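Hello,

Here is the structure I promised to pass on.

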Amino acid sequence: MSAPKDLLVVGVGTMGRPYLEAAARLGLRVRAVEAAAGWESRPVDLAESFYRVDGHEEEDWTAAVARAVADRVPDGLVSFAEPHVLAGALAQERLGLPGPSLHAAVISRNKALQRAVFAAHGVPQPEHLLVPDVAEARSWMQERLPVVVKPLTRAGSEGVELVRTAEEAAEIVARRTGEGKVLVEEAVQGPEFSWEALVRDGEVLFENVTAKETTPPPYFVELTHRCAHRFEDDELASQVQALTRGVLNAIGMRTGLVHLEFKVGRNGPALMEIAVRTPGDYLPDAVGLAYGFDLYEAVIRLALGLPVDELIRTEPVSWPATHFPTAAPGTITAISGAEEILAHPSVVRVRLRKKPGDTVLPLTSSSRRMGHVLVDAPSPTEREDALKHVRETLNITTEQH
């Protein structure tokens with residue numbers, strides 16, 4: 001009888017815990033690298049050892065992964081969130097383990113590098129300008145309004161702003177001068193989508209399109225994700241397929257989970273950005289429900305070089321969504337309707353991070369959202385009915401400061 005394979009998971013927290021649970025079902029030996037912020041709540045029953053990361057930088061995660069690899073070389077490695085990608089890819093590249101490729105990891109961590117590489121490969125994307133300081137983009141912005149200003153490495157819509165007028169351009173220059181390098185790009189007007197895919201040796205084994213609702217400009221914080229989206233226009237569907245394959249080729253994607261975001265504007269689909277890690281917002285949970293298989297387990301199997309084809313399904317069996325409730329800024333005085341929502345047959349779970357007495361800040365990034373509701377319905381129509389029920393039933397009352 002062969003020894004169980006050894007898996008190293010980089011980053012756990014709350015949304016990464018399903019990786020450890022899937023590994024336990026597979027009978028793997030598991031070790032994990034975890035941040036100090038989640039150290040006290042780490043699931044010690046799901047891993048034989050943890051390596052603590054006290055800093056927040058990629059260098060801190062890289063050092064912890066290096067310690068773990070020095071203790072014992074794993075058979076596979078899964079990097080969870082954005083700060084973990086480069087640390088994981090360095091180890092995968094050095095050890096010859098399945099992974100996205102070091103090139104793909106580096107490109108995915110920097111929006112300006114993405115724009116440069118995709119331009120060279122003819123991937124449709126917005127017109128853009130990289131500047132060492134936003135003040136140097138003032139004239140460029142004013143000639144192309146509306147534009148979007150983006151930091152190079154942050155996630156969750158943090159620091160992403162729409163600039164619509166000359167007055168707004170002057171204000172953002174005054175406010176964000178000294179921030180450092182930023183990317184300024186044409187604002188593509190149109191609906192937003194994401195594409196989640198499992199890739200093995202450059203081949204797409206599974207793909208899903210998620211339709212998105214966001215807050216109004218200028219911050220575009222995501223509020224609702226609907227998985228298993230289908231484009232009724234065949235030409236548009238073909239354009240999206242060409243876009244996604246072009247991106248994979250441009251970054252040199254090998255093996256793992258890919259999450260890219262695009263908008264459909266007047267000239268067709270245009271790439272916003274790509275990540276070679278687990279998407280946030282509990283999307284893997286929703287995607288797994290949509291297609292009837294455990295996406296976390298599939299990622300682990302790919303990382304270990306185990307068979308995955310029999311696990312994966314490519315046609316949807318249900319229509320899930322993740323929804324993020326909102327409230328006016330202020331102090332929460334009351335929350336009602338959560339139990340009624342949970343009793344709905346299409347609601348899987350309700351998780352609120354805020355309670356009465358807590359403060360609701362203006363919604364400028366996903367980190368300020370209040371929690372989420374996961375819906376899973378037997379048809380698109382019933383999904384819309386469930387989402388309507390959630391919006392109408394959950395009431396979060398605030399008092400302005």
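Below is what turned up in the model.

This is a predicted model, in which local features need pLDDT of at least 70 and side-chain atom pairs count only at pLDDT 80 or more, while totals for chains, interfaces and linings use all residues. Residues are numbered from 1 along each chain as its sequence is written, and side-chain values use heavy atoms, with hydrogens and water left out.

Let me start with the aromatic rings. Rings of Phe, Tyr and Trp (its six-membered ring) pair if their centres lie within 6.5 Å; planes under 30 degrees apart are stacked, over 60 edge-to-face, and the rest tilted. The count comes to 8 aromatic pairs. In one of them, Tyr 19 and Phe 80 have ring centres 6.4 Å apart and planes at 75°, so the pair is edge-to-face. Tyr 19 also pairs edge-to-face with Tyr 296, at 5.0 Å centre to centre and 85° between the planes. Tyr 19 is buried, with a relative accessible area of 1%, and Phe 80 is buried at 10% (buried means under 20% relative accessible area, exposed over 50%, partly exposed in between, with a 1.4 Å probe and protein chains only).

Pro 132 is partly exposed, at 47% relative accessibility. Leaving aside neighbours within four places in sequence, Pro 132 is in contact (heavy atoms within 4.5 Å) with Gly 180 and Lys 181.

Best wishes
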